[in-house]
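Dear colleague,

Please find the structure below, handed over for your study. A summary of what was found in it comes after.

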Amino acid sequence: MLETVKSKPAKGEHATPNHPEKITLVRARGSLVWDDKGREYIDCTAQAWSNNLGANDPRVTEAAIAQIGQITHARPNFNSLPLLALNERLRKLAPGNLHQIGYCLHGSLAVEMAIKLAFKNRPDAKNFMVLQDAYHGRSLTTLAASWPHPNNPFLSIMPRFARAPHPDTYRPRAGLTVEQDSQLCLGMIEDMIVKGLDGQVAGFMMEPIQGNGGHNEFPLSFYKGVRDICTRHGILLIWDEIQTGFGRMGTMWAADYYDVQPDIMTFGKGVGGGFPLAGILADEKLSWFEEGEEALTFGQSPISLAAAVATIDAIISDDLCGRAKVQGEYATTRLKEMQERHPLIGDVRCPGLMVSIELVTDREKKTPAKHAAQEVYRRGVIHGVLFGESRYRGLGNLIKVKPPLDITHEQLAHSLNVLDQVLSEIEEEGL
């Protein structure tokens, strides 16, 4: 039997006013985190998929501390040495000609920057397209661009986006193969552009693999087809790579993995090594912002920029893309073997360490097992492993295994052993 920790805090323990059950983290290193009671957990969430390089890597913290001794803040009117160094690294890594760079501190603002740049370059356009089940953030604009949130109190002041259909490799439309579903969706997208929208479309934004909306990966024909549609209709294609970038998929970018060239790409999460940083990479042929159109007081924080330089250098020197590929293949093989024994596992999804399983109560009907997903998370905590979930508020039925890319084989194997055990417990109890 695997070692366990106490499942729920006593009254007042780890307490916050709205969420008294939250774990209070006090320390992190690599793929491990510790709470204020000294309990250790393997973090298979990489703290919202942000620690592609393990937490508190000394190369990153040393770079940040060194920068603190030099300059901690510079307004956007000025360059800084870490900004110039990071620009150089990102331009070398960027797909194609995505050599124009903008920075901010949060993924939502990076998405808004990309949307603004699209409209700046398509001044006559009135519309912007996203995919159904998309997730792009929680600012007013990006919340509107994401899958419909239940009981949304902000609708009256949110912008409107055209939501386009996408294929589902696990649940293709009735009577269709996955490829037929892909072609149908491409046809419907083009119909929306030509017949369904009043006015031109500035941009089409998509996650290469949908994160919070269900870890949806699409057929290659869909990625290529959307690129072709955007090119033919003069629409800027934006890939939101905030979750998929910096090695998570076994390549530096999803654009590399699928061999698709977007016009604008957002990045974030894994770039800062735990420090807040996000931004966009844009094709050098696009017109950039004029003074005052895009500037954030702390958007070019020298500390975060210095941490990002060290993070990227470490990702490359440690070959974390290669490690993500190998570890992801191991995790996928293990999970597919579990699928043969656990009727709760309806589907196994990858690539790289972008790994998840969809839980279902009935494999034939593919009925989402939302309660079981909540139980997997809760019992994982008891056994000292933090698994990720899809959506929130109990709306999702996916369990995500997306740890730091340099997680040790032993830690990953143990985490999968825990998942195997808790699935057995839940199935035996009929939950």
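Predicted model: local features only at pLDDT ≥ 70, side-chain atom pairs only at ≥ 80, totals over all residues.

Residues are numbered from 1 along each chain as its sequence is written, and side-chain values use heavy atoms, with hydrogens and water left out.

I begin with the interior. In soluble globular proteins, nonpolar side chains tend to be buried together. A nonpolar core here is a set of buried Ala, Val, Leu, Ile, Met, Phe, Trp, Tyr and Cys residues joined through side-chain atoms within 4.5 Å. Buried means under 20% relative accessible area, exposed over 50%, and partly exposed in between (1.4 Å probe, protein chains only). The largest nonpolar core holds 89 residues, and Met-129, Phe-204, Met-206, Trp-239, Leu-359 and Leu-419 have the most contacts inside it. Helix α9 (residues 302–317) provides the largest share of this core, with 8 residues. A second, separate core has 27 residues, among them Ile-115, Ala-118, Ala-144 and Phe-161.

Helices and strands are DSSP runs (H or I, at least four residues, for helices; E, at least two, for strands), numbered from the N terminus. Helix α9 has 16 residues, of which 13 are buried. From its first C-alpha to its last, α9 reaches 23 Å, close to the 22 Å expected at 1.5 Å a residue; the expected span is 1.5 Å times one less than the number of residues. Just after α9, Asp-319 takes a positive phi of about 50°.

The buried residues of α6 include Asp-181, Cys-185, Leu-186 and Ile-189. Together, the buried residues of α6 pack against β5 (127–131), β6 (162–164), β7 and α7 (220–233). Contact means heavy atoms within 4.5 Å. Asp-181 counts as buried because its relative accessible area is 0%. Not counting residues up to four places away in sequence, Asp-181 touches Pro-167, Asp-168, Pro-172, Arg-173 and Leu-176.

With 61% relative accessibility, Asp-198 counts as exposed. Leaving out residues up to four places away in sequence, Asp-198 touches Lys-126 and Asn-127. Asp-198 and Ala-125 are 73 residues apart in sequence, and their C-alpha atoms are 9.6 Å apart in space.

Finally, I turn to the second largest pocket. On a 1 Å grid over the protein atoms alone, a pocket is an open set of points where a 1.4 Å probe fits, with protein on both sides within 12 Å along at least five of seven lines, and lining residues have an atom within 4 Å of a point. The second largest pocket is lined by 23 residues, of which Pro-76, Trp-288, Glu-294, Ala-295 and Gln-300 lie nearest its centre. Helix α3 (81–93) and strand β4 (100–104) each supply at least two residues of this lining, and β4 gives the most, with 4 residues. Within helix α3 is Asn-87, which is buried, with a relative accessible area of 9%. Beyond its neighbours within four places in sequence, Asn-87 is in contact with Ile-101 and Tyr-103.

Yours sincerely
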